[in-house]
Amino acid sequence: MPIETAEVAGLVLHFRTETQTLGCVKSMVDEGVRAIVIVDNSEDEGRSLACVRDALDSLRLIGLALEIVTAARNLGFAGGVNAGLVRVADFRPSAVLLINSDARMTSGCLSSLLRMLDCAPLVVPRVREDEGANESSLLGFYHRPSALLTRSRFSRACLPYPSGCCLLIRADLAAAPMLNEDFFFYGEDVEFGHRLHGKNIDFAECPEAVIIHSGSGSARNGSLFYEYHINRGHWLLAGKLAGRPRDRIFYIALRCITLPLRASIRCLRFRSFTPWRGFLAATMDVLKGRCRDLTPPAA
C-alpha cells in the first residue's frame, strides 16, 4: 500500500542557522509532512531557535506536530540523528525524511520520493545549489583505499553511499541507532552505506525529486572544526571499511599520502594553515583514541 505524505515524519538537525532551519521546516510542511522533530545541536541553550519561535508556533497552529529536542551539548551528526530518531518513533511514521537544515524541498519532491520508496527502502533526491542551477547527485562513491570521493565508480574498491544531506528512509530501516556515533561530523554516511551494502539493502536516486541545498550552513568549509572532522572521519573509515587486517594496513598507508596532499592543496586554496592544523590534530587524536568536538562557542 503506497505511503502518504502525512505518514512521513521529518527530522532536522539545527545548528545556529535559525532562518535556514525555518525555511527547511516550512518546505516539508508545504510537501505534506505533519510531524517533525528538530534536534538542536547549537550549544546555545536554545537561543538561536528562540528567534523563530513565533513562526514555529504558527506552524503548530495549522496542525504540525513539532517537537524540539535541545541537547546540552553538540551531539554531532550521527549522535543528533540517533537522538532524533528516538523521538520520531513516537509518531509511528511509515517513513522518515532526514534533511539538512540548510536544504529545502521543491514542489512535488516528497511525492516523487515516496513513489520510488516502493522500489528501494532508502531514496535520495537530486540537488542543486540554488534555483536554476545545474542538478547533481546525492549518491557518491568512496574509494576505500585512498579516501577519494568520486561521482563515478572507476573500480570495484569504490563504495556507493547515500549522502546524509537528504534521505527518505522506510521506518523499519530508520530505527535508532541508525548511524555510527564513532563519527562526529563526517564519514557516518559512508559507513552507513557500507553496512547497507553488507546487508544487500538497496538505495536509489529519484531523478524527479529535487532539493535546494545552500551547503556548509552550519560547518564552515575550511574552518578548524571542518578540517579536523573531515580528516578524523577518513582515518576512522580506514578501519571501518577494511575487510581484512592487511586491507586496513594498506588503507592507512595510502592515507598517509592522500590526506597530507589534500591538506596541502586546501592550504593553498584557502591561503591558511588551518587544513594542516586540522589534519595533524585529527591524526594525533585518532592515534590516542579520542575525539574533540571543537564546536565554536556560541556568540
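## How to read the model

Residues are numbered from 1 along each chain as its sequence is written, and side-chain values use heavy atoms, with hydrogens and water left out. Because the model is predicted, local features need pLDDT of at least 70 and side-chain atom pairs count only at pLDDT 80 or more, while totals for chains, interfaces and linings use all residues.

## Two helices side by side

Let's begin with helix H1 (residues 18–30) and helix H3 (residues 53–61), which pack at an angle of about 10° with their axes 10 Å apart. Helices here are DSSP runs of H or I with at least four residues, strands are runs of E with at least two, and both are numbered from the N terminus. Axes are lines fitted to C-alpha atoms, for helices over the stretch in contact, and angles run from 0 to 180 degrees between N-to-C directions. H1 and H3 are therefore roughly parallel to each other (angles under 35 degrees count as such).

Which residues of H1 and H3 make the contact? Leu22, Val25 and Lys26 come from H1, and Ala55, Leu56 and Leu59 from H3; contact means heavy atoms within 4.5 Å.

## The nonpolar cores

A nonpolar core is a set of buried Ala, Val, Leu, Ile, Met, Phe, Trp, Tyr and Cys residues joined through side-chain atoms within 4.5 Å. Buried means under 20% relative accessible area, exposed means over 50%, and partly exposed is in between (1.4 Å probe, protein chains only). The largest core has 63 residues, and Leu122 is among those with the most contacts inside it, as are Val8 and Met28. A second, separate core has 15 residues, including Phe183 and Tyr226.

Leaving aside neighbours within four places in sequence, Leu122 is in contact with residues including Pro162, Leu168, Phe192 and Phe203.

## The loop between E11 and H6

Asn180 is found in the loop between strand E11 (166–170) and helix H6 (188–198). Is Asn180 buried or exposed? Asn180 is buried, with a relative accessible area of 18%. A polar atom of the Asn180 side chain lies 2.8 Å from the backbone nitrogen of Asp182.

Pro177 lies in this loop between E11 and H6 too, and a cis peptide bond joins Ala176 and Pro177, with omega about 0°.

Glu45 is not a glycine, yet has a positive phi of about 60°. Glu45 is exposed, with a relative accessible area of 76%.

Ala147, in the loop between strand E8 (139–143) and strand E9 (148–150), has a positive phi of about 70°. Ala147 is buried, at 9% relative accessible area.

How values were computed: Angles under 35 degrees count as roughly parallel, over 145 as roughly antiparallel, 65 to 115 as roughly perpendicular and the rest as oblique. A polar contact is a pair of N or O atoms within 3.5 Å; within protein, one must be able to donate a hydrogen and the other to accept it, and residues adjacent in sequence count only if both atoms are side-chain atoms.
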